[in-house]
Amino acid sequence: MKIGDKVRLIGIPPDANDDETLQTRTLFEKCLGKTFAIAGLETVEGLPYQLVQLEVGDVVGKDAYSKTIWVEPEYLQPETTR
């Protein structure tokens, strides 16, 4: 996967939860099954893979860049162009 690739969110990490300030799980649920362009990749010490940045604000009626989720590649499916 690389920046600009289109991917579909096909799962929600089990540790994605809502709290008083962030509605993380709710945002993931709204994004589930939708396709996004990869906005960034981040290496995190101790992880054998990069986290994938998706800009998802349009799902909640805002500019795409206004809401971001970081997700493990296992919850994404590459979208192929036909």
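A: One term before we start: a residue counts as buried when its relative accessible area is under 20%, and as exposed when that is over 50%. Also keep in mind that this is a predicted model.

Q: Thanks! Which residues of strand 1 are on the covered face, and which on the uncovered one?
A: V7 and L9 make up the covered face of strand 1, while K6 and R8 are on the uncovered one.

Q: What is the bridge partner of V7 in strand 2?
A: V7 has F36 as its bridge partner there. R8 stands opposite T35, also in strand 2.

Q: And what is the bridge partner of L9 in strand 5?
A: That one is L76.

Q: How many bridges does strand 1 make with strand 2?
A: Three bridges, in the antiparallel sense, join strand 1 (residues 6-9) to strand 2 (residues 35-43). Strand 1 and strand 5 are also antiparallel, again over three bridges.

Q: Zooming out, in what order do the strands sit in the sheet?
A: The order is 4-3-2-1-5, in an open sheet of five strands with antiparallel pairing. Strand 4 (68-71) and strand 5 (76-78) are the edge strands, each pairing on one side only. On average, neighbouring strands are turned by 45° against each other, direction ignored.

Q: Where does helix 1 go relative to that?
A: Helix 1 (residues 24-31) lies across strand 1, strand 2 and strand 4. Against strand 4 it runs at about 85°.

Q: Switching to L54: is it buried or exposed?
A: L54 is buried, because its relative accessible area is 0% and the cut-off for buried is under 20%. L54 lies in strand 3 (residues 50-55).

Q: What does L54 touch, leaving out residues up to four places away in sequence?
A: The contacts of L54 are V7, F36, A37, I38, K67, T68, I69, V71 and L76.

Q: Last topic, the largest pocket. How much space lies in it?
A: About 250 Å³.

Q: Which element gives the most to its lining?
A: Helix 1 does, with five residues. The elements giving two or more residues to the lining are helix 1 and strand 4.

Q: And how do the lining residues divide by type?
A: They split into five nonpolar, five polar and two charged. The lining includes L27, F28 and K30, along with K67, T68 and I69.

Technical notes:
Residues are numbered from 1 along each chain as its sequence is written. This is a predicted model: local features need pLDDT of at least 70, side-chain atom pairs count only at pLDDT 80 or more; totals for chains, interfaces and linings use all residues. Side-chain values use heavy atoms; hydrogens and water are left out. Two strands pair if DSSP finds at least two bridges between them. Helices (H or I, at least four residues) and strands (E, at least two) are DSSP runs, numbered from the N terminus. Axes are lines fitted to C-alpha atoms, for helices over the stretch in contact, and angles run from 0 to 180 degrees between N-to-C directions. Contact means heavy atoms within 4.5 Å. On a 1 Å grid over the protein atoms alone, a cavity is a set of points where a 1.4 Å probe fits but cannot get out, and a pocket is an open set with protein on both sides within 12 Å along at least five of seven lines; lining residues have an atom within 4 Å of a point. Grid points are joined across faces, edges and corners, and a volume is the space filled by probe spheres set on the points. Ala, Val, Leu, Ile, Met, Phe, Trp, Tyr, Cys and Pro count as nonpolar, Asp, Glu, Lys and Arg as charged, and the others, Gly among them, as polar. Buried means under 20% relative accessible area, exposed over 50%, partly exposed in between (1.4 Å probe, protein chains only).
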